[in-house]
Amino acid sequence: MADLATAVTVLDANGRAGVPSLLISGPGMGKSSLVRGLAAADGVLCKTVLGSLREPSDFAGLPVVRENGVTLEAPAWAKELVAGGGGYLFLDELTTSPPAVQAAMLAVALDLTVGDVQLPKGTRVIAGANPPDCAAGGYELEAPLANRFCHVEFTPSVDEWLDGMATGWGAPPASRAVATDEQRVALVRSSITGFVQRNPDALDAFGSSAAKTGGAWPSRRTWSMLAAVLPHLREDDNAAINTAVFGLIGEGAGVEFLEWRRSADLPDPVAVVENPDSAFDWQSRPDLVWAVLSGVTAWAVGRGTVEAWRSAWGPLIAAAEAGAPDVAGAAARTLAKARPAKATVPA
């Protein structure tokens, strides 16, 4: 359960990464006020849509016959977001939306498409939900929709509620999220690929019941979403990191991943590239070697330059010469596929 400042931080990190958020709390906890306050603080439009009062066509588009064929006409709220250049889309009371409406929300949540209309890039999708056992006419979330959100459970403290009352809910806590770069992205990807390499069963773990699949669970999609979100969180912000990890891949896989990440203590990919023989012990466990080389490869691909690509071969050579040629060979195949135009493999 996240405090308000941590919830705001994770919402911001998700928004920067293009990952939809699902705010979960009991009735009257201030989900709607929080989202409106965030939009007001950013100076952008906020459109609230209640799925329980909508038809599937309000998200999938209403078929309209025109001279050149049939188009899927978007509703007014989508056109207002387009006209305003984006903003916040708040899908309120998500667990009261019937399954047919939830199915129509799939493209909206992750692809920002409403009928034949593409919402502006950077539009932040946040949903609000009460737990199904206290939602009026509540439904469990359908698995495909649940797996498109980062689930953030929060309950404002008494002091946070008092602050909200004093400011008219117009001054949400400051976000602790940060900008990212190729180096941070590479380090996060190396930790994720290293963990999955060691625990392949954690890549996909579809739940055995509707209660489990309606929450956060690990899939190829949510691991990719986590790789996009974590670089926007400070390494020392354990509360926000835990909230994002548990909100995307669930508590079971999340605890294992966080423990592996802590014990692995992976080096900075740039340090490994600059000093491949001394920055890392290449005789470590194969999963750690794989994680480090994955980070180096991700950094080189992210930089996109011939110089970065050529320098990334140094750690691969060091790993192979230290007794890990199989791992180095696998990383070499990945690096070779990302070869920039006119780049040659170093001798």
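Modeller: Accessible areas come from the Shrake-Rupley method with a 1.4 Å probe. The model here is predicted.

Colleague: What does the accessible surface of the protein come to, and what share belongs to carbon and sulfur atoms?

Modeller: The accessible surface comes to about 15900 Å². Carbon and sulfur atoms hold 53% of that surface.

Colleague: How many helices and strands are there in the protein?

Modeller: The protein has 18 helices and 9 strands. Its radius of gyration is 22 Å, close to the 20 Å from the globule rule for 347 residues, so the protein is as compact as a globular protein of that length. The C-alpha trace spans about 65 × 60 × 40 Å along its principal axes.

Colleague: How do I read burial? What percentage of the residues count as buried?

Modeller: Buried means under 20% relative accessible area. Of the 347 residues, 48% count as buried.

Colleague: Which residues have the most contacts inside the largest nonpolar core?

Modeller: General idea first. In soluble globular proteins, nonpolar side chains tend to be buried together. Here the largest nonpolar core has 74 residues. Those with the most contacts inside it are Trp 223, Leu 226, Phe 257, Trp 282 and Leu 293. Helix 15 (residues 286-303) gives the largest share of this core, 10 residues. Apart from this core lies another, of 26 residues, among them Phe 59, Leu 81, Val 108 and Phe 149.

Colleague: What does Trp 223 touch, leaving out residues up to four places away in sequence?

Modeller: With those left out, the residues that Trp 223 touches include Ile 192, Phe 195, Pro 218 and Phe 257.

Colleague: And the charges? How far apart are the mean positions of the positive and negative charges?

Modeller: The mean positions of the 27 positive and 38 negative charges are 6 Å apart.

Terms used: Residues are numbered from 1 along each chain as its sequence is written. This is a predicted model: local features need pLDDT of at least 70, side-chain atom pairs count only at pLDDT 80 or more; totals for chains, interfaces and linings use all residues. Side-chain values use heavy atoms; hydrogens and water are left out. Helices (H or I, at least four residues) and strands (E, at least two) are DSSP runs, numbered from the N terminus. The radius of gyration is taken over C-alpha atoms; the globule rule is 2.2 Å times the number of residues to the power 0.38. Buried means under 20% relative accessible area, exposed over 50%, partly exposed in between (1.4 Å probe, protein chains only). Lys and Arg count as positive and Asp and Glu as negative; His and the chain ends are not counted. The place of a charge is taken as NZ of Lys, CZ of Arg, CG of Asp or CD of Glu. A nonpolar core is a set of buried Ala, Val, Leu, Ile, Met, Phe, Trp, Tyr and Cys residues joined through side-chain atoms within 4.5 Å. Contact means heavy atoms within 4.5 Å.
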